[in-house]
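Good morning, and thank you for coming.

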Amino acid sequence: MPMNDPLGDMLTRIRNGLMRGKSKVSTPASSLRVRVLDVLQAEGYSRGYTRVDFDNGKTEIEIELKYYEGNPVIRD
């Protein structure tokens, strides 16, 4: 299934993870996503991310979600 909006997909994964109280979510790796995640981290909207390389050659980014007093820091 081709993905037409990789940034929208990543942001939806983040939003869904926050709504469910998850500590981390994963998304396929790309340089564009990494650049956006760098900005989110620099602005204080995420705890950070790590790159995960799998044996099958696929690479994902594991995003650490951020909460303040139990509430997601990203609200809108």
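Is Asp-53 buried or exposed? Asp-53 has a relative accessible area of 52%, so this residue is exposed; the term requires over 50%, whereas buried means under 20% and partly exposed lies in between, with a 1.4 Å probe and protein chains only.

Please note that the model is predicted: local features need pLDDT of at least 70, side-chain atom pairs count only at pLDDT 80 or more, and totals for chains, interfaces and linings use all residues. Residues are numbered from 1 along each chain as its sequence is written, and side-chain values use heavy atoms, leaving out hydrogens and water.

Asp-53 forms a salt bridge with Arg-51, with 3.5 Å between the closest N and O atoms. The term denotes a side-chain nitrogen of Lys or Arg within 4 Å of a carboxyl oxygen of Asp or Glu. By this rule there are 4 salt bridges.

Another joins Lys-24 and Glu-62, at 3.4 Å from N to O. This pair links distant parts of the chain, 38 residues apart: Lys-24 lies in strand 1 and Glu-62 in strand 3. Helices (H or I, at least four residues) and strands (E, at least two) are DSSP runs, numbered from the N terminus.

Let us turn to the strands. Strand 1 (residues 24-28) pairs with strand 3 (residues 59-65) in the antiparallel sense over 5 bridges; pairing requires at least two bridges found by DSSP. Strand 2 (residues 46-53) also pairs with strand 3 in the antiparallel sense, over 7 bridges. Ile-61 in strand 3 stands opposite Thr-27 and opposite Arg-51.
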